[in-house]
Structure formats: C-alpha cells, structure tokens
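Hi everyone, thanks for making time.

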Amino acid sequence: MFLHKSCAELPLETRHPAHPHPLALSTEMVPSGERCGTALSDGILRGEFSKEVFVYRCGDCSFSLNVTWVFRALFPSEGEEQEKGTIRHFADDHPLTYFHFNKPIKVECRACEQQIAGPFYGCPICSFYLHESCTQLELAREIAQHPFHPEHHLTLFFPASEVRCDACCSCIGKEYNAFAYKCNECRFNLDVRCATSFLPFGYKQEDCRAIEHFSHQHQLVSFSVKMENMDIRCKACELKISGEVYGCPDCKFFLHRSCKQELPQEMSHFLHPDHPLIFRAKPTYPGGTFACDSCMCVSSGCTFSCEECSFDLDLVCALSTFSAIKEGVATEIQHFSHDHSLTLIYRRTALGCIICGGSVLGLAYSCLTCDSLHKSFLLHKSCAKLPQESDHPFHPAHPLTLQSKKHFFCEADGVESEGFCFCCDKCQFFLGVGAASLKKPTLKHRPHEHDLFHFKRLGGLKCCNYCGKKSSVDSYRCVQCDFTVHYDCIRILPLSIKHDTHFHPLALLDKLIVKHHEDQQYCDACERTRRPDRGVYYCAECNFAAHIGCAIPSVEIEETKPAELEKVDREIARLVTDIQQKETNIEAMQIELEESRKRLEELRMKRDDLAI
C-alpha cells in the first residue's frame with residue numbers, strides 16, 4: 001500500500017464548510033446510494049457517487065466527503081483558528097466559522113455575489129457564506145439620498161424572491177437570497193454593488209456638480225464610482241462606468257468624464273465625407289431604430305447621423321474610427337490580395353478575417369464595394385500590415401511570400417489548414433499566419449544547436465524527439481530542424497547521468513548518427529535498433545549510445561513512425577478521401593448528364609411533332 005506524503009498527513013478529524021459537524025477520516029467505501037458532497041449550489045449538496053476508498057464521514061448524519069475536496073481546502077492552523085475563531089453577523093442567526101479555500105468553489109458570497117475563494121466565513125447550517133473582506137464591509141442598514149433614488153431612504157434587506165436591480169437591471173436573489181437595498185415606498189431596488197459603488201453614504205446631493213450637456217435632455221450630475229463590476233455602461237464608449245462620471249440616474253444615462261469631454265456635437269467623418277454628422281440622442285426614424293453603417297448593428301441609442309442621406313454611425317464606431325485618424329491610422333489602403341481599395345471601419349459583431357481566419361472585432365479594413373454586393377472582404381488591422389514577403393527564422397534559406405493555398409500543413413505547429421500562409425514554393429515549406437508571428441525564441445536547450453520556440457498547441461503530426469509520444473500541448477520546437485520536445489521531458493531528463501553498464505557519464509544528445517553505420521543504428525545497452533532522429537544518452541569517448549528508456553528505465557518511450565513518414569501517410573489518406581469524393585461527384589454528374597440528354601431528345605421529338 002502506498003500513500004502520497006500529503007495523503008499520509010491528512011488529519012484524522014476536521015471541519016468543512018459543507019457540513020456543520022466534525023468529519024472523521026474513514027477507510028470504508030461510501031455505501032451505495034450515498035452521495036459525496038462535491039459541490040455546493042442552491043444551498044444543498046450535490047455530487048456523484050464516490051469511488052474513493054478514503055472519505056471524511058459524519059457518523060451521525062451519514063454524510064461523506066471525498067478526500068479530493070478536502071485537499072482543496074487549506075484549513076487554518078490551530079493558532080490561526082483560535083485567532084480568527086467565529087464571528088457574529090447581523091445577516092445570520094448563527095455564528096460564522098472561519099475557513100480558507102485555495103481554489104474557487106461553486107458557492108457565491110452573499111454580499112458581492114462573486115465566487116468564494118481564499119479566506120471566508122460561513123454557516124453550513126444555513127448555507128450562508130461571506131468573503132472575509134465582505135464581512136468587514138461597513139454596509140449601512142439605511143441609505144439616505146442615494147444618487148439613484150434621492151427622494152427616499154433605502155433599507156438593507158434579503159429579498160424573499162427574485163427582484164431586479166433598478167440601476168443595472170441584473171437579477172438579485174436568482175440563485176438564493178442576497179443582500180439588496182429597497183425603498184419601502186416606491187418598490188425601488190438596488191443590488192449591493194450599485195448601492196456601494198457611488199459616493200460614500202451620507203453625501204449631500206447639493207455637493208455634486210451638475211452640468212448641462214447636449215447629449216441628454218436633463219442635467220448631468222458628477223459622481224465618483226468606486227468599482228468596475230457593475231453592469232452600467234457609458235453611453236459613449238459602452239465600457240462599464242468607473243472613476244469620475246457624469247450621469248442622470250433617473251434615465252440611467254452615464255458618461256465617463258473623459259468621454260464627455262471628447263464627445264463632439266458634430267463631426268466630419270471619412271465614411272461620409274459629403275455632409276457633417278450630427279449627434280442625436282435618439283434615432284429620428286419612424287421605427288425608433290437605425291442600422292449603423294460601419295458595424296451593421298441595429299440600435300435604438302445615440303447616433304451620429306446625416307438625415308439627408310439616412311447615414312448613421314453609433315457612438316462606438318464613430319468615436320473609435322475618429323480617434324484612429326488622430327493617431328495616424330490610414331483610412332484607406334490598397335491590399336495586394338484584393339482588387340478594390342479597403343476602408344477603415346469598426347466591427348462590433350464577429351466576422352472572419354480573410355488572411356488569418358480569426359474573428360474580427362474592433363478596428364478593421366473592409367471592402368465597401370463588396371459589402372454593397374452582399375459579399376464580405378474583411379481584414380484585421382494587424383493582418384493588413386503583414387508584408388507580402390518576409391525573412392523568417394523558421395526557414396532561413398529563402399524568403400517566404402504571403403499566398404492563399406487551398407490546403408497546407410503548417411511546418412511550425414503541424415496544423416492542417418487552408419487559406420493564407422507564408423510559403424516557399426521552392427522548398428514546399430508552409431507557415432500559418434499565426435505561427436509566423438513567432439519570431440523570438442523562448443528557450444536555450446543545450447543538447448540542441450538552435451534556440452527553441454514555445455508552442456501551446458501542436459497538430460497531430462508532431463512527436464517528442466525524446467520520449468516519442470505525441471506532442472500536442474506545451475512543447476518546444478526548432479522548426480528548421482523539425483526538433484520537438486515536451487516541456488516535461490526537458491524538466492525531467494538530466495543533461496548528464498551515470499549508468500550501471502558504463503564507466504563514464506552519459507550526455508543527453510538530441511540525435512545521433514554513428515558514422516559508417518548509417519543504415520542500422522543500435523543501442524549499446526539493449527543491443528536493439530534505435531532511431532537516429534531520437535534523443536540518446538551518449539559517451540563520446542567510448543562511442544557508447546543508449547536509448548533514453550534504457551538509461552532511465554522510469555521514462556516511458558513510445559516507438560512511433562518517423563514524422564516525415566507519418567506526414568506522407570496523412571497526405572495519402574487525405575488524397576484518397578478527396579479522390580473518392582470526386583468520383584462520387586462524377587457519378588452523380590454522369591447520371592444528371594444522361595437525364596439531361598434524355599430530356600433534350602424528348603423535347604426535340606415533341607418539337608418535330610408540333611412542326612408537322
């Protein structure tokens with residue numbers, strides 16, 4: 001029987017926020033039908049049947065808890081527990097016990113409605129939990145003259161059912177009761193975030209400076225917002241309000257101070273150079289909505305409009321493109337891949353970039369001529385800047401040109417793809433646009449002559465040159481040598497070892513081809529053949545080479561086909577499938593052709609009959 005050191009040190013008895021009673025460590029299996037408390041939601045325990053031998057159990061309640069979940073909790077030391085102890089909180093009738101979780105759990109704090117993690121207090125009986133920091137919030141039982149509702153006092157309460165915050169429109173108490181403020185006279189409600197994010201309680205409304213602004217029919221009052229996690233957004237930039245803002249709480253109309261200063265009442269815009277665009281708080285069209293001529297999104301909010309031409313830009317598109325011009329961004333370009341000129345626009349809904357295939361959001365270049373024909377040609381601003389020809393460290397022999405290909409395998413990450421890539425037609429070397437952005441190596445690995453680049457993900461063709469296993473995540477590569485190694489192999493394999501079957505230390509090499517024996521390469525430890533493109537441990541003085549698995553038996557080595565052979569096999573399989581599909585299409589076309597010929601003959605005979 002073997003135990004991890006941490007498992008051997010598990011306490012025989014502990015407390016857990018999922019249960020009010022002490023839990024004892026047991027070696028018994030969880031009885032059939034008894035559930036393991038793996039998650040907390042809606043104030044009840046949920047989970048799957050435990051298959052663990054070791055569990056924490058409460059004999060009185062027949063409650064069991066998987067030890068895996070005990071690992072997730074870092075319980076305070078005896079001194080810390082005595083220091084923290086329990087606290088009383090006005091929101092719960094029972095004392096709240098101190099706990100500490102090192103990872104987030106599926107429980108939300110009743111004050112801020114964020115996931116519980118780190119130190120917190122809780123009452124398992126009531127399923128009531130608060131971040132330690134939230135227990136220290138000085139939540140006023142009553143708020144006078146809150147900017148969202150200055151007419152009456154707001155009172156702290158727990159909604160008995162789901163209610164809606166009248167500031168950000170989020171639901172309060174959707175999962176369970178949570179803190180909120182209400183007006184007993186007007187049925188006005190605020191969640192804690194909206195209530196506590198504005199000026200400190202007790203402020204005087206007359207102290208807030210009010211201004212007139214063309215963007216809104218009412219006066220805008222200055223506020224100081226303390227946090228960004230409210231769902232109230234600036235009408236100009238549509239980002240969450242924070243810091244210094246101006247607003248009309250009655251209309252839920254807010255502007256960042258910076259947006260208020262930058263918002264023009266009229267602008268000349270390159271997307272509509274014939275006439276100036278005028279700011280409108282609301283669309284003037286009969287339906288009360290407009291379609292933005294940049295992002296094509298339909299809106300009922302503020303617009304920069306030319307009523308004469310029925311041309312509209314929403315504020316985000318208008319201000320983003322307008323700001324880009326001030327920063328020197330070109331409003332129109334001619335790209336080698338397209339016949340028409342491309343115009344700078346702002347996208348708010350995702351469409352695919354012609355070059356990289358990724359979703360385009362924000363500033364981009366689009367062909368307005370093709371848009372008018374209901375065709376899309378769209379480029380990221382960064383992709384539009386890609387050079388047509390580039391020198392790249394992955395292929396130093398020749399420059400690479402940006403071309404469109406129907407099908408290619410990226411030599412860097414092994415991903416099968418189509419579309420634009422950097423390629424060398426002479427060497428049939430293809431590099432995806434994403435992989436081409438990697439130009440700075442990240443690791444110097446002594447056994448290999450070149451620096452290595454880190455790849456988070458690789459296609460199915462790449463195998464580790466040390467262990468031989470598929471290398472799909474967290475790997476390092478030298479593309480020009482087609483050398484791949486797992487991060488774990490770099491971490492685990494020593495650069496030099498001493499082996500029982502040899503006198504001298506053996507050094508780790510990335511590959512080894514023994515001269516005069518190119519056809520057959522052998523491991524001198526097991527006397528079996530080895531692949532020369534795989535890593536070995538080697539003694540140069542004695543010309544002694546050993547498989548990595550022979551030198552370190554604990555390392556699992558997987559014998560796979562050479563990468564080049566596997567690549568050819570993959571290409572053969574793709575072509576076979578492609579040919580079969582085309583043969584099927586040809587058969588279908590032949591059938592259609594015969595039917596068309598038959599129909600043609602029938603019509604000719606009918607015509608002859610009618611002509612007599």
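**Cysteines, strands, rings and a pocket**

Let's start with the cysteines: searching the whole structure turns up zero disulfides, a disulfide being a pair of cysteine sulfur atoms within 2.5 Å. As a reminder, a disulfide is a covalent bond between the sulfur atoms of two cysteines. Take Cys464, which is in no disulfide; its nearest cysteine sulfur belongs to Cys467, 3.8 Å away. Cys464 is buried, at a relative accessible area of 0%. When I say buried, I mean under 20% relative accessible area, while exposed is over 50% and partly exposed is in between, using a 1.4 Å probe and protein chains only. Cys539 is in no disulfide either, and there the nearest cysteine sulfur, from Cys542, sits 3.9 Å away. Cys539 also counts as buried, with 4% relative accessibility.

Before I go on, a word on what you're looking at. This is a predicted model, where local features need pLDDT of at least 70 and side-chain atom pairs count only at pLDDT 80 or more, while totals for chains, interfaces and linings use all residues. Residues are numbered from 1 along each chain as its sequence is written, and side-chain values use heavy atoms, with hydrogens and water left out.

Now some strands. Helices (H or I, at least four residues) and strands (E, at least two) are DSSP runs, numbered from the N terminus, and two strands pair if DSSP finds at least two bridges between them. Have a look at β18, residues 220–225. Is that strand enclosed or open? Five of its six residues are buried, so β18 is largely enclosed by the rest of the structure. What does β18 pair with? One partner is β17, residues 210–211, which pairs with β18 in the antiparallel sense over two bridges. There, Ile211 has Leu220 of β18 as its bridge partner. Another partner is β19, residues 243–248, joined to β18 by five bridges and also running antiparallel. In that pairing, Ser224 is bridged to Glu244 in β19.

There is also an open sheet of four strands, in the order β11-β12-β15-β16, with antiparallel pairing. Its edge strands are β11 (142–143) and β16 (188–191), each pairing on one side only. Two bridges hold β11 against β12, residues 154–157, in the antiparallel sense, and Ile143 stands opposite Leu154 in β12.

Arg187 is in the loop between β15 (180–183) and β16, and its phi is near 55°, a positive value in a residue other than glycine. Most residues other than glycine have a negative phi, and most peptide bonds are trans. Arg187 is exposed, at 76% relative accessible area. Glu527 has a positive phi too, of about 60°, although it is not a glycine. You'll find Glu527 in the loop between β39 (505–509) and β40 (536–539), exposed with a relative accessible area of 66%.

On to the rings. How many aromatic pairs does the whole structure hold? The search finds eight. Rings of Phe, Tyr and Trp (its six-membered ring) pair if their centres lie within 6.5 Å; planes under 30 degrees apart count as stacked, over 60 as edge-to-face and the rest as tilted. One of the pairs is Phe214 with Phe279, edge-to-face at 5.3 Å centre to centre and 80° between the planes. This pair links distant parts of the chain, 65 residues apart: Phe214 is in the loop between β17 and β18, and Phe279 is in strand β22 (residues 272–280). Phe214 is partly exposed at 31%, whereas Phe279 is buried at 6%. Together with Phe304, Phe214 and Phe279 form one aromatic cluster.

Last stop, the largest pocket, with a volume of about 410 Å³. A pocket here, on a 1 Å grid over the protein atoms alone, is an open set of points where a 1.4 Å probe fits, with protein on both sides within 12 Å along at least five of seven lines; lining residues have an atom within 4 Å of a point. The lining has 20 residues, and Lys235, Phe253, Ala281, Gly301 and Cys302 lie nearest the centre. That's my tour, so over to you.

Methods. Grid points are joined across faces, edges and corners, and a volume is the space filled by probe spheres set on the points.
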